[in-house]
Amino acid sequence: MALKYVGHSLPSKDAILKVTGQMFYTGDMQLANMLYAKLLLSPVAHGLIKKIDTTAAENMAGVVKVFTYADVPKVPYNSYIWYFGQDEPKTEYLLSDKARFVGDRIAVVVAESAAIAARAVRAIKVEYEELPVITNPLEALQGGQVAIHPGGNLLDEVEFQVGDPEQVWPGAEVVITDTITTPRTHHAAMETHACLAACSPDGQVTIWSPCQGVYGVRANVAEVLKLPLNKVRVIKAPVGGSFGGKQETLLEPLTAFLARATGRPVLLVLDRRETILATRTRTATKSVIKSAVAADGTLLARDIETIIDAGAYTANSRVIARAMGKKHFRLYRIPHMHYKATAVYTNTPVAGGHRAWGSPQVCAVTEIHMDHIARQLGLDPVELRLKNLVQPYDRDPLSGHSLGNARVRDCLHTGAREFGWWQKRERPQKNGRFRRGIGVACGSHPISYFSAHQDLTSMSLKMHEDGSLTLNTGLHDMGCGLTTALAQIVAEELEIDPSLINVMEADTERGLYDIGTYASRNTYVGGACALKVARKLKELLLQQAAILFKTTPEYLATGAGKIWVKGQETQSRSYGEIVAAAMLQNQVDFIVSTTHRSAALPVAYAAHFAEVEVDIETGLVQVVDFVAVHDVGKAINPGFVEGQIHGGVQMGIGYALYEEIKITPEGRPLNDSFKDYFVVNAPEMPEVRVFLVEKGEAGGPFGAKGVGEIATVPAAPAVANAVNNALGTNFCDLPLTPAKILARLKQG
């Protein structure tokens, strides 16, 4: 049966508000008697605070209070906590008495205006006892180094293994090893980090935050401020971009404390420099990958050892070390495989989640290495991958769970055809100034937390007397159109126009529970819950309609928001009429609730193809063609899906060619603004041709998978492989900047 709303590109419900500037983000909000906060960030990478003089700042007209580490609760926390009871190492404080990186929070000013607060911060004088700085993770592990934290610089180690690779190496026909590095990068969301908090007379603190998990924020704030959970209300505000940068509890505990301490609402908005330095970055990694391969290209064994640069605090690095390891096992069939990761503290900006939670790093390591294998064996990169990729319903060798309807081979076949892979492979290589090359990469990313963490969501759906509906959720729309997609799912099931459905987002006091927007789970888990609650409401409608029509539900038919007795469509009654009559006659409220728990851990897959032109005189790389093919199960809103993929490709190209937060050996960032931190702009973007593989996924609403994170995963290695193809090189150190390319060409 043809679907009327699902599978169609409806516009986002808030599109007009955004393009006309009417959307109110956190930084736009104004409350009566509101104060403004400004952070003082450390200019040194490692040092004890010997003295803080706040006198001049506190004497400024309009300054309400200056807070230092001596004025705030001495409660350690972990910003990564995103559900109550989660156990992770707690190494952060609201304000610190020891600077561990340039950008560490040292003090905060609260004033009557943002301008006054900024002037007051500049008037604070801090004397540091500077300590040795460690910016290299390998050096941090060496004996005799100054400990960044009391327990030392080793944060964690983790290992996974299937089979026994050690038995394979001696007899292997071919063994290939690469060392691949991926950079620390900035999320570059248009909206910088912001938070607003207010305290009511009864002691409840209300927080407005563009976050990805209101219940994680509530858990952290309650712990730091020693409040019961029902005294902390967190309201998800509109998000001007996150990409994982706002998934951790970064500003909310401090802003909530300031509101309680002053008794007035407090707004804290970071500028771009502060957001780059003092929030989170994509985790920098260095991996050594070794593969044993048969002469025909069959992968026999693999070993990966990864060093993870956690930066100055724990955040999510312990968990991402495990997540990265698990992802290595879900793309290729490799009978013997070992993974080890070591997470290390350094005096650098703190690492955290950044769109796909380690998958871009994993994919860069795997896919650059796969092309090296293909070159060594004289095999075509596409054929090598097809020989080894997972098949639909293969089992994850670590967990034993099904990978779901894994259609990565379909993606690769489709992409090779649409990109013209075979024709471009036969094209003669140019030897002049401009060299052309092509590259391919496959990627994977899970779409739920099944078996790893709690993975549930609850929703209620209320139909009003006129037939309009309110869907109350605990979900967070990150700007990707989630609320519109949920309305499409409900509308499809109830056979009504999506414009009749208002979707409410997360609010810990008035909403329902959801663990948060992580693991690309919104569509697969949240969408399934929306479908389930819509079916439940439809059952209630049919039950009440049967009473009104004096029949039983099996004799009723539905369509276009109406119900009738089969064969008597001319006597139909609208949903609204049935609701109004049933409320009046039967005392029934048309509201239903349900909880959905994911029951599987399927994986989303993609194959990306890139063509580049490299100027060997300047080292500049231009991506001239790009094809992205994605296994999405079913596109709820194809326009949204394509938009996500376009954005993901843009981010991946930047990851491959431009983006890196550079840190000097003294721990000082060299590019803490968009003046020096380069992202891919519109003129650098190629035409991105998107193709979708829609083979369905059991458990997803109408067969849908998630796409938000997988959209960016294979893009960077596809570009890197294209550059290597153009130049005959084996670049393994992202990003491939002009300076690196020219240096390599000079070396021959």
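Modeller: R689 is partly exposed, at 23% relative accessible area (buried is under 20%, exposed over 50%, partly exposed in between, with a 1.4 Å probe and protein chains only). The model is predicted, so local features need pLDDT of at least 70 and side-chain atom pairs count only at pLDDT 80 or more, while totals for chains, interfaces and linings use all residues. Residues are numbered from 1 along each chain as its sequence is written, and side-chain values use heavy atoms, without hydrogens and water.

R689 forms a salt bridge with D625, 2.8 Å from N to O (a side-chain nitrogen of Lys or Arg within 4 Å of a carboxyl oxygen of Asp or Glu). The pair links strand β28 (residues 688-693), which holds R689, to strand β27 (residues 621-631), which holds D625, across 64 residues. Strands are DSSP runs of E with at least two residues, helices runs of H or I with at least four, numbered from the N terminus. D625 is buried, at 11%. Both residues belong to one network of salt bridges with shared partners, together with K424, R427, R436, E611 and E613.

Within that network, E611 and K424 meet at 2.9 Å, N to O. E611 lies in strand β26 (residues 603-615) and K424 in helix α12 (residues 421-425), so this bridge ties together parts 187 residues apart in sequence.

The structure holds 41 salt bridges. Another of them pairs R385 with D371, with the closest N and O atoms 2.9 Å apart. R385 is in helix α10 (residues 381-388) and D371 in helix α9 (residues 359-377), so the bridge ties together parts 14 residues apart. R385 is buried at 0% relative accessibility, and D371 is buried at 5%.
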